[in-house]
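I opened my notebook to jot down what I could look up in this protein, one entry at a time. Here is what I had on the screen.

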Amino acid sequence: MTITMTTNTSNGTIDQHGNRMTGTADAVALYDQTLDRLLRYDVAVLGLAERLMTEAADAPMTSVLLAYLSLSSTDAADVAVARDFVAALQTMPTNERESMHTTALAAWCDGDWVGASKRLDDLLQVYPTDLLALMVGHQLDFFLGDNLNLRDRVGRTLPSIEASHPHRGLVLGMQAFGLEEAGSYHQAEQAGLAALAANADDVWAVHAVAHVMEMQGRVEDGIRFMTDRTSDWGSGNLFSVHNWWHLGIYCLEAGRHDAALGIYDREIHHSGSSSVPLEMLDASAMLWRFRLDGAETGGRFDALADSWATKVADEPWYAFNDVHAAMALVGAGRLAEARTLVARLDSYLDTAGGTNASMTAEVGLPASRAILAHGEGRWADVVAELAPIRRRLHHFGGSHAQRDALQRTLLDASIRVGDLPRAQSLINERLALRPTSVFGWVQQERVHTANGNGAAAAAARATGMLHLDRFATAAKKAAL
Ligand SMILES: [Fe+2]
C-alpha cells in the first residue's frame, strides 16, 4: 500500500493515508487535520483535539489519538485519562486497525510499554501508512531507549509513502533521529536536511540534526544551525522547550553560562511553565550540567524542585522522569525529599511489574541512588551505582545526549574519589568520539592536576580553551 491521498482529500471513511476509518466524512476530515498538526508538533493540535472530542467523539480514532496524546506526556496523572479513552474504545464498533490500536493502548495503560511498542509494529506491518501508529511507535522507541527500532521502524515504513505525499518529509525527519541515535551520523544529517528541505519547520528534523552536531562535538555548526532557523522551531510547537535545551547545552559547551541561563529562564523553565515531565526533565538535565561544571544557578534548582515535588508523590510511571526529579531535588539541596524518592522507588519494586518496574530496577533506581550519593558527597557510591550500568543506561529511555548527564556524573565522581585510572579511561573514550569536547578537556585537566602533572594539566586546559574560544565566537556571532 502506498499513500496517494493528500491531507485535504479525505473521502468518506478513508483517511488521508488511505486507511479505512470508522466515522463520518466530517469526523475523518477533522481527524486528518488533527493528525497533520500532530505530526508537525504544532500547538494547534491541542485545540483540534478538543474539537475532535466535541465534534467526533463517536469515531474510534478520536479516542485513539487522544489516548496516545495523554500517554505521550509520560505523566502518571495522564494515565487515568488514557484508560477512560480505552474503556470507551472497548465498547465501540471498530475495524481491524482501530482494534489493533486499542490493544496497543490497553497494553501501555497496563504498564506494558514494550508490548504496546510491539503491537504498533504489528499494526504497521499490515497498515504501514498509519502515521499515527508510526509517530507513537517512534516515541515509544525513544521512551524505551530502543535505538535500533527507532531507526528501523521508520525504515520499514518509508517505502510505503510516496515521494509526493506531504507527510513524507516528516517521516524522513523521524528517520533522521533514528539514524542519529543508532550512530549513523552522516546518513542522519542527510535525512534531516532532506526533511527540512520539504518542511523548514519540521521541528523533529531540526532536533535530529542538532543531535548529530552534539554527538560529533560540532558546537559551532550546531549554534549556527539552530540560530539560523529559530523562527522555524523556537515557538508555536510542542517541542520548542527541548530544542531550546539543545541550543542551551551548546552555549554551556561554549562557556556561555549567561546565554544558557537566559535560554533556561525564557524558554525552558519559568513561572509560566507547564508541569509537563518531558519539559521539566530538560530543565533538570541542564541545571545538573551546571552543577557538574561547578557553575552558579541561583535559586533555579529550588523552583524546579517545587515543580517536581508534585510529581514524585504519584505512583512511579516512568523511571527516566524519576531520575530527573532526583537531580532537581538534590540540586536544590532537598536531600530528605530525594531520599524519600529513592525509598519510594525501592518499595515500588517490591510489588510492581511491567516495563517501568524493569526500567526502574535496572537503571532508574541505581541512577537515582547515584544522584543522591552525589548530593551527599558519597563519591565512591556514585561510582559503585553508575559504573555497572553505564552501558545499559539506554534501557530507561531518552537520547544519548540526555543520558550523558549520568556519564558526566560518573566521570566527576571518579575524579573526586581519586579513581583516576577509571576517570582517564572515561575521558579517553569521550575525547576519542569528540576531540573538541570542552567538558572532556576540563576533566582531563582535573585528572592531570590530581596526578601532579602540572604541565600536562596546562596543556589540556589550553586545548579546551582553544575549542571554547571558537565556540564562544560562534555564540557571539549568533548574538547569543
Ligand atoms: Fe534531544
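This is a predicted model: local features need pLDDT of at least 70, side-chain atom pairs count only at pLDDT 80 or more; totals for chains, interfaces and linings use all residues.

**Entry 1**

For my own reference, ideal angles for four tetrahedral donors are 109.5 degrees.

I then checked where H242 and H246 sit, and both are in helix α14, which covers residues 240–253. They are four residues apart, about one turn of the helix.

**Entry 2: another histidine**

I moved on to H374, which I located in helix α20 (residues 355–375). Is H374 buried or exposed? It counts as buried because its relative accessible area is 3%, and the cut-off for buried is under 20%. Skipping neighbours within four places in sequence, I listed the contacts of H374 as W288, R291, L292, W379, V382, T409, D412 and R416.

**Entry 3: the core**

How many residues does the largest nonpolar core have? I got 162, and the residues with the most contacts inside it are Y68, W108, L132, I268 and L406.

Leaving out residues up to four places away in sequence, W108 touches Y68, L71, S72, W113, A116, V136, L140, F143 and W317.

**Entry 4: charged pairs**

I counted salt bridges and came to 35. Side chains of opposite charge can pair when their charged atoms come close.

I looked at D36 in some detail. It meets R37 in a salt bridge at 2.8 Å, N to O, and D36 also forms one with R40, where the closest N and O atoms are 3.1 Å apart. I put D36 down as buried because its relative accessible area is 8%, and R40 is buried as well. R37 is partly exposed, since its relative accessibility is 25%. I also saw that D36, R37, R40 and D42 are linked in a network of salt bridges.

Then I found R339 and E376, whose side chains meet at 2.6 Å, N to O. This pair links distant parts of the chain, 37 residues apart: R339 is in helix α19 (residues 335–351) and E376 is in the loop between α20 and α21. R339 is partly exposed at 41%, and E376 is partly exposed at 27%.

Most residues other than glycine have a negative phi. I noted that Y41 has a positive phi, near 60°, and A479 has a phi near 60° as well.

Where do I find Y41? It is in the loop between α1 and α2, and it is buried at 11% relative accessible area. A479 lies in the segment after α25 (454–477). I wrote A479 down as exposed because its relative accessible area is 69%.

Terms used
Residues are numbered from 1 along each chain as its sequence is written. Side-chain values use heavy atoms; hydrogens and water are left out. Helices (H or I, at least four residues) and strands (E, at least two) are DSSP runs, numbered from the N terminus. Buried means under 20% relative accessible area, exposed over 50%, partly exposed in between (1.4 Å probe, protein chains only). Contact means heavy atoms within 4.5 Å. A nonpolar core is a set of buried Ala, Val, Leu, Ile, Met, Phe, Trp, Tyr and Cys residues joined through side-chain atoms within 4.5 Å. A salt bridge is a side-chain nitrogen of Lys or Arg within 4 Å of a carboxyl oxygen of Asp or Glu.
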